[in-house]
Amino acid sequence: MYRETQIVSDNSLTTAPDVDGDLVINVGPQHPATHGVLHLIITLNGETIKKVDPHLGYIHRSIEKMCESLSYRQFIYVTSRMDYLSSHINNHGCAMCVEKGLQIEVPPRAQVIRVLMDELTRLASHQLWWGAMTMDVGALTPFFHAFREREMINDIMEETCGARLTMNYMVPGGVMVDIHPNFQRKVKEFITHFKNKIDEYDELVTGNVIFQNRMKRVGYISKEDAISYGMTGPSARGSGVQCDIRKLYPYEVYNKVKFDEIIETGGDSFARYIVRMKEMRQSLSIVEQLIDNIPDGDFQAKTKAVLKLPKGEFYSRIETARGEFGVYIVSEGGTTPYRIKFRSPGFSNLCALDHMARGGKIGDLIAMMGTLDLVIPDIDR
Amino acid sequence: MWSFENISHSIDTWLYDTFNPTTAMLLEFLIIAICIIGLFAILGLVLILMERKVSAWMQIRLGPNRVGPGGMFQTVADTLKLIVKEGMTPNNVDRFLFNLAPFIVMIVSMVVLAPIMFAKNFQIWDINIGVLFITAVSSVSVIGILMAGWASNNKYSLLGAMRSGAQIVSYELSAGLSILAIVVLTGSLKISDIINSQENGWWIFKGHVPAIIAFVIFIIAVTAETNRAPFDLAEAESELTAGFHTEYSGMKFALFFLAEYVNVFIVCAIGATLFLGGWMPLHFGTANKFNEVMDYIPSSIWFFGKTFFLIFIIMWFRWTFPRLRIDQLLNLEWKYLLPISMFNLLLVTVIAILKWHF
């Protein structure tokens, strides 16, 4: 018979203090700040952090293994469950990899719809991040303001894709169905609404003295360190790393729209915050440029009913709201992949947390996790 | 005219006419005890509902709206739930201290109610060192919080209690100094004297700039003292789950919660008494007609109106600002608020000596 207390006391990692007599506390797996089942074991000296040790695997569902038994049409939708806040972009990345293997030409209409959906997803993801991060630093009200705007995007998604969170809209060769007749009108409404609201976001939070004091000069990571930890996305761009896949390896119509890659050189939490705030405006401008210019034509290329990738290895990369998402498929020529590997942005961003947090306070750690924008199912897969 | 003053006076006369003095006094004690417990309960219910409604209003929500008209009985239902919940004491805690801590925190906030003047001549105990009594007794509550944090045998609780200890001890200073500013202007520690000195104008208007500075510092310091956002580091739910009361549940948790809200009421009542004239109606020097109209409003409404206005401001803080970090919190106190309030006290003393105030 095993008693619960014995199990806990056997686990030297969770309860026993370090040899120096440091205070070890567990943040997670159930903790309001981890936004999921992330488990951080923090070694403290008073309030100062000496070490952060992330423990993963609480929500591991072996998605990569599952994909091996699913066909090339099916496996795309499992990836919605990884980074559930940018499920469109995950699906897009997978669909692109399959298209690469089959050399399918995606019709222009589908390309534009895909980019529109990606950018709307990015906006929704950044809005949620903004709300959750401000909640991490103690301001509870912005969360509700962020959800008000996110709700509009979810409604748009619901109309066109039929779902609000795991949309499953991308198929190899295009998109599953054509856009809803209301789509353009609703997106335009959203643009005019959100343009005012994003200024309100800045007024409410960005300019706040307490907020700036909490964010500036904490969680610093240099450009070199960010590169060596493999950080990508807005978190790395806050340290001055040029890593926007949309600019470096343009896919779909990203080389035809005008937008800036936001790069801040601060390297601290505030720089990462500013990058995401500015990215929201860029996404808004991309949506604005494309919404009136959706070309006519097919929304899907003609494909065979059963897809078979030729023997070989295929890799595609895409910029999600959190960073670079890579899909690596090894095919033996059958109807299902032989091996699939996803490169998720959250995992490598999390790895840098220990480096950033050392020497900071507990409150800083929570704010840093907020600015890294971690989505735990994305890390564990 | 109907007022608390007449009611309390007639009860007092009746008791002393009917019984012998000792019995009458004991009966008065009993009545006051019941009144305080009743006030405590009602304040808790009203303030928690108010907080939820205010936060809902700021967060584009409706707030409680199911139980009773406009959700008025939501907090009653919540309290009933907490009362019937099992009073759990976790294993491996210091049982005695763990169970004692919520009562200390609650009793402190009950005792502090004694010298507060709720309406004209309606006060439990007009002690001649009223303001000193309030500051002295209210600082005892930190012992209850430290006790809860230590006895819980939980690291989050301990961190929360340590933060709370550092915070309350620091902010007590500038709160005390800004209270002293008014004491210097009045020349008395007695609550009734302080209120009477504001008959022709509240201190915030009469005391020039130093009184306004003292008022602002007072509001900041008491927000920190009551552990409310943006200074809610002792609880800091995103960092320490619930801080010092992580392990508490049921009625013991409710006592902490209740004490927090009653403390908010108390500090706002003190603020209203010292700076906004307590139950004194709004008077402008020579505008006699206006002053007469203001006099028609009962004194209890003036007092509670001012207090709830200050409570609203403190709630507004909570739902707007992010939380400070512990070192920034202490920096703010020791590097800014304390020097400013010391200098301010000096300024007030000069004003009081030279009789520059109105």
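## Two domains in chain A

In chain A, the centres of domain 1 and domain 2, taken over C-alpha atoms, are separated by 31 Å. Keep in mind as you explore that this is a predicted model. The domain assignment places domain 1 of chain A at residues 4-55 and domain 2 of chain A at residues 63-380.

These two parts of chain A do touch: 12 residues of domain 1 are in contact with 17 residues of domain 2. On the domain 1 side of chain A, the residues that touch domain 2 comprise six nonpolar, three polar and three charged ones.

## Where chain A meets chain B

How many residues of chain A are in contact with chain B? There are 26 of them in chain A, and they are in contact with 22 residues of chain B. Several elements of chain A give two or more residues to this side: β1 (23-27), α5 (108-136), α6 (141-161), α8 (209-215) and α15 (362-372).

Sorted by class, the side of chain A that touches chain B holds 13 nonpolar, seven polar and six charged residues.

## A helix pair in chain A

The axes of α5(A) and α15(A) lie 8 Å apart, at an angle of about 175°. Because angles over 145 degrees count as roughly antiparallel, α5(A) is roughly antiparallel to α15(A).

You can find the meeting place by looking for Ala132(A), Met133(A) and Asp136(A) in α5(A). Their partners in α15(A) are Ile366(A), Ala367(A), Met369(A), Gly370(A) and Thr371(A). By class, the contact of α5(A) with α15(A) has five nonpolar residues, two polar ones and one charged one.

## A helix pair in chain B

Now turn to chain B, where helix α7 (residues 155-186) and helix α15 (residues 326-354) have axes that come within 9 Å and cross at roughly 15°. Angles under 35 degrees count as roughly parallel, and α7(B) and α15(B) are therefore roughly parallel to each other.

The crossing of α7(B) past α15(B) is left-handed. In the contact of α7(B) with α15(B), 18 residues are nonpolar, seven are polar and two are charged.

## Two residues with a positive phi

Glu252(A) is not a glycine, yet it has a positive phi of about 50°. You will find Glu252(A) in the loop between α11 (245-248) and α12 (269-291) of chain A. Is Glu252(A) buried or exposed? Glu252(A) counts as buried, because it has 20 C-beta neighbours inside 10 Å and the cut-off for a buried residue is 20 or more.

Ile60(B), a residue other than glycine, also has a positive phi, near 55°. Look for Ile60(B) in the loop between α2 (21-58) and α3 (74-84) of chain B. Ile60(B) has 11 C-beta neighbours inside 10 Å and so counts as exposed, the cut-off for that being 12 or fewer.

## A last stop at Leu100(B)

Helix α4 (residues 95-112) of chain B is the place to look for Leu100(B). With 15 other C-beta atoms within 10 Å, Leu100(B) is partly exposed, because that class lies between the exposed and buried cut-offs.

How far apart in space are Leu100(B) and Phe133(B), C-alpha to C-alpha? The distance between Leu100(B) and Phe133(B) is 23 Å, and in sequence they are 33 residues apart.

Methods:
Residues numbered from 1 in each chain as written. Chains lettered and ligands numbered in written order. Predicted model: local features only at pLDDT ≥ 70, side-chain atom pairs only at ≥ 80, totals over all residues. Axes fitted to C-alpha atoms, helices over the stretch in contact; angles between N-to-C directions. Helix = DSSP H or I, 4+ residues; strand = E, 2+ residues; numbered from the N terminus. Parallel < 35°, antiparallel > 145°, perpendicular 65-115°, else oblique. Left-handed = near helix turned anticlockwise from the far one by under 90°. Nonpolar A, V, L, I, M, F, W, Y, C, P; charged D, E, K, R; others polar. Contact = placed C-beta atoms within 7 Å. Domains from an automatic or database assignment.
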